[in-house]
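Let's take a walk through this structure together. Please have the sequence and the 3D view open as you read.

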Amino acid sequence: MDTANAIAPKIRDYLSRNFLFSDEGFHYGDDASFLEVGIIDSFGFLELVHFVEDEFGISVADHEFVPDNFDSVCKLSAFIIRKQGGGT
Amino acid sequence: MLVQEFLTHSATRLPRKVALVCDNRRLTFAELDAMTNRLGNALVDKGVRRGDRVAIYLRNSVEAAVGIFAALKAGGAFVLIDASTKPDKLRSILSQCRATALMADSRADAGELVDLLRGVPSLTCGVLCGPVGPDTDARLHLFDEIQIDSAATPLPSVNVDQDLACLVYTSGSTGEPRGVMCDHGNVDFASTSIMTYLENREDDIVLGVLPLSCSYGLYQLLMTVKFGGTLVLERSFVYPALILQRIQEERITGFPGVPAIFAILLQMDRSAFDLSSLRYITSAADALSPSHIRGLQDAFPGVSLYSMYGLTETARALYLPPSQLASRPDSVGIPIPGTEAWIEDEDGRRVGAEQTGELVVCGRHVMRGYWESPEATARRFRPGAVPGERLCHTGDLFRTDEEGHFYFVSRMDDIIKCRGEKVAPKEVEAVLHMLPGVTAAVVGVPDPIGGHAVKAFIVSRGDPLTESEVIAHCRAHLEDVKVPTYIEFRSELPMTPSGKVSRIGLT
């Protein structure tokens, strides 16, 4: 199980390596909407779901793949913690 | 009829009816009409004249819908540029069509928009949709301010129906952008023909998940406005569960999609959603497999399923009447109402049933050609038997059955269809060749969710490369759909006798 402090950096690192191709890291806020800001295009979301499932050992149900869970670093971290059944 | 009259006529007839649901807003025809007048007047004020190109670099949004009709009301032609287009290609399209005005949102922040205004000489006006940044320029205007300051008075009509209404950009065989010139008469004719076979009515509520930048997505807006229905315009199909929820909430009756979308929907648990409002589903852009057809029929009993074939150069060409689906599920049907189509062999002779040849399309929906590309135009758009008639040679191989129903066989060029979009292997290879010491060959391989996926075979003689480095490089230079899904490193690639890389045998 990961703590909130461990999850967000992994997501930021994944996004900057795979979507921003930037050496400067993830320069958006943790509240920035992936879709609105255009960090991830539509096909990229499928990869993001796979990454989350593999990296954090959770399974994402169809109805859970919604913006409330997936559209920013904050929302995604919170979702992963809930799925892992931990966190405060 | 002029395309902007789709809106003005519906606004006169149904002023208080909801025309557009988008971005948490519900706009009536009267409101949409007024917003387009405000922007249209502003565009004229900033120098847009009859025939000028107004580029719209926006995702599906209220601003994009308003921009389309505002450009027309100003007498211009709109040019939608897909929001995933990378900066280099955006600049090249703007320069190629010599756009006078550009609408963009905060993704292209004010700084980038200012750079474009300075870098593309034809641009005299930028309209920024979203918050303003620190950079500014006298030619840069804010959409929200225009909606407050500019007059909502109707604009005088300055067009005839032979004027261009839009350029719809598509990929040529080497991936170079080509603008299909569509005049008002073309768009009016195609819209009416499609509405006729879909039997659209004022109480239809259509779901727009396809990008307005593609012809299939664009016509959902144009037709819905024309027949006085409601368009529920979504950003994309990123969140499938959200789309099912929209169908339930908005009581959607018409759902236009592509096979890749339907493949995802069919894999989902849909039991929590009430989808009973659906009247019809349309599929185009890629072949709908018999298993998807059966799946959709089981999942949506009583819903009319239209399997169709189209290309940007004619908007739509063929459709299968739903009554024929059971007896010929692999056919894309017959020519759309008011048009004709046939199959020709290599010598230009019409062939009979069960013989394969190129599909040729004839009718008022055959567009005017490619913007400032006379050679490409001459290959695709050729004169017909009657003086003035234009035929579209589609570049796709078809056959017909004895009853005259058409069946897609294959493409004549090496374009890959990925999730309904055209990908030119040469364009992807050109990007890969930017990497030092790389030789690459790009092919389409079957995609698990239907259609094809892009696969790149790479020989690297320079510094060692990893798959993720290659993908990152492609992402920086290509739209998402063109980024290879699969990468395979090889020590060599097959060659033709003349020494060129051959794609034959690569899978």
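Is Arg251(B) buried or exposed, or partly exposed? Arg251(B) is partly exposed, because 15 other C-beta atoms lie within 10 Å. Here a residue is buried if 20 or more other C-beta atoms lie within 10 Å of its own, exposed if 12 or fewer, and partly exposed in between, with C-beta atoms placed from the backbone.

Before we go on, a word on the model and its labels. This is a predicted model, in which local features need pLDDT of at least 70, side-chain atom pairs count only at pLDDT 80 or more, and totals for chains, interfaces and linings use all residues. Residues are numbered from 1 along each chain as its sequence is written, while chains are lettered from A and ligands numbered from 1 in the order in which they are written.

Back to Arg251(B), which sits in the loop between H9 and strand E12 (254–257) of chain B. Helices (H or I, at least four residues) and strands (E, at least two) are DSSP runs, numbered from the N terminus. Phi of Arg251(B) is near 55 degrees, a positive value in a residue other than glycine. Most residues other than glycine have a negative phi. Glu354(B) also has a positive phi, near 65 degrees. You will find Glu354(B) in the loop between strand E17 (340–344) and strand E18 (357–362) of chain B, and with 10 C-beta neighbours inside 10 Å, Glu354(B) counts as exposed.

Next, look at a sheet in chain B. Three strands form an open sheet in the order E25-E26-E27, with mixed pairing; two strands pair if DSSP finds at least two bridges between them. Strand E25 (438–446) and strand E27 (486–489) of chain B stand at the edges with a single partner strand each, so one side of each has no neighbour in the sheet. Strand E26 (residues 452–460) of chain B runs parallel to E27(B), joined by 4 bridges. Within this sheet, Phe457(B) has Glu488(B) in E27(B) as its bridge partner.

Now turn to where the chains meet. On chain B, 19 residues are in contact with 16 residues of chain A, contact meaning that C-beta atoms, placed from the backbone, lie within 7 Å. Helix H9 (240–250) and helix H14 (467–477) of chain B are the elements that give two or more residues to this side of chain B, and H14(B) gives the most, with 4 residues.

Chain A itself has 5 helices and 0 strands. Buried residues make up 24% of its 88 residues.

Terms used
Two residues are in contact if their C-beta atoms, placed from the backbone, lie within 7 Å.
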